[in-house]
Amino acid sequence: MPKHKSIEELISLRGKRALITGAAAGIGKAIALRFAEAGAALDLVDLKAASLAALARQLGEEGARVHTYGVDVSSKEEIRMLWDEMGEPVPDILVNNAGIYPFKDFTDIDEAFVKKVIDTNLHSVTWNCYEMIRRRGKRGGVIVNMGSIEAVLPFKEDLALYSVSKAGVIALTRALAKEHAKHGFRVNAILPGGVVTQGTRAAAKGVLQLRFGLLKTGWDFRQRLPAARFAQPDEVAHIALVLASDLASYVHGAAIPVDGGFLAA
């Protein structure tokens with residue numbers, strides 16, 4: 001039987017090292033803040049250098065141990081170099097949060113567009129998981145991958161490749177959980193839906209300038225939500241913290257919606 005732990009011990013990440021991609025803003029930033037509060041040392045990855053530096057300063061002032069890296073996660077080689085640079089001890093926790101969601105009609109896509117979406121949203125998860133599992137071996141660890149409700153029930157138009165990439169993340173999560181639980185790895189996914197971030201605001205604004213029909217899509221989406229509101233990034237971070245901590249010690253291969261009840265409605 002596992003040792004009985006207090007709630008404080010179960011939620012604590014003290015003594016753990018966590019790598020978070022896409023950490024400069026939105027959900028990634030919220031996760032970084034919560035993990036720091038739980039005591040983790042942080043390795044934060046993003047291409048938004050100014051925002052990442054500002055977050056690192058904030059966390060440092062609060063006593064967190066933080067290292068930052070400007071890495072293009074769509075590049076397998078840059079991911080390999082990142083893990084080489086981090087060295088030992090290899091992070092105990094990996095959060096694959098980085099992703100893009102460009103709107104494009106399916107009949108307008110080209111090879112470059114497909115490659116960018118798949119490389120960023122799916123291949124980055126694949127290669128980060130590969131590096132962590134290979135380097136940690138039988139020491140095990142925790143992996144939290146960011147999926148999407150769009151992978152389960154596509155709702156927004158012009159996001160077909162995004163949905164495909166996130167469906168791949170769910171499949172990869174379940175396969176790795178099955179194959180590597182025996183080595184001490186816990187691999188799970190979060191499926192956010194309707195989260196208000198700077199990125200989603202910017203993406204929606206850009207499209208709305210061209211397509212007023214998206215207003216109806218947004219309205220329909222919100223009307224379907226039993227919670228009757230969109231989520232804040234910190235609400236997704238709550239679940240990431242649970243999955244990263246010993247509170248989820250027997251959770252393997254799960255794909256957990258954080259969607260205000262959207263998929264249930």
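User: Which elements do the buried residues of helix 9 pack against?
Analyst: They pack against helix 1 (7–11), helix 2 (26–37), strand 4 (93–96), strand 5 (141–146), strand 6 (185–192) and strand 7 (255–258). Helices (H or I, at least four residues) and strands (E, at least two) are DSSP runs, numbered from the N terminus. Please note that this is a predicted model: local features need pLDDT of at least 70, side-chain atom pairs count only at pLDDT 80 or more, and totals for chains, interfaces and linings use all residues. Residues are numbered from 1 along each chain as its sequence is written, and side-chain values use heavy atoms, with hydrogens and water left out.

User: Which residues of helix 9 are buried?
Analyst: Pro233, Val236, Ala237, Ala240, Leu241, Leu243 and Ala244 are buried in helix 9. Buried means under 20% relative accessible area, exposed over 50%, and partly exposed in between (1.4 Å probe, protein chains only).

User: Why are they on the same side of helix 9?
Analyst: They cover an arc of only 160 degrees around the axis, which puts them on the same side of helix 9. The arc is that of the directions from the helix axis to the C-beta atoms.

User: Which residues touch the most other members of the largest nonpolar core?
Analyst: In that core of 35 residues, they are Ile20, Ile31, Phe35, Leu42 and Leu44. The elements giving two or more residues to this core are strand 1 (17–21), helix 2, strand 2 (41–45), helix 3 (49–61), strand 4, strand 5 and helix 9. A nonpolar core is a set of buried Ala, Val, Leu, Ile, Met, Phe, Trp, Tyr and Cys residues joined through side-chain atoms within 4.5 Å.

User: What is Leu44 in contact with, neighbours within four places in sequence aside?
Analyst: Leu44 is in contact with Ile20, Ala23, Ala32, Leu52, Leu55, Leu59, Val66, His67, Thr68 and Tyr69. There is also a second, separate core of 28 residues, which includes Val73, Leu82, Cys129 and Leu172.

User: Changing topic: is Lys115 buried or exposed?
Analyst: Lys115 counts as exposed, at 53% relative accessibility. Lys115 is found in helix 5 (residues 111–136). Lys115 and Ser74 are 41 residues apart in sequence, and their C-alpha atoms are 9.0 Å apart in space.

User: How many aromatic pairs are there?
Analyst: A search of the whole structure finds three. One of them is Tyr101 with Tyr162, an edge-to-face pair at 6.3 Å centre to centre, with 85 degrees between the planes. Rings of Phe, Tyr and Trp (its six-membered ring) pair if their centres lie within 6.5 Å; planes under 30 degrees apart count as stacked, over 60 as edge-to-face and the rest as tilted.

User: Where are these two in the chain?
Analyst: Tyr101 is in the loop between strand 4 and helix 5, and Tyr162 is in helix 6 (residues 160–180), 61 residues apart. Tyr101 is partly exposed, with a relative accessible area of 26%, whereas Tyr162 counts as buried at 13% relative accessibility.

How values were computed
Contact = heavy atoms within 4.5 Å.
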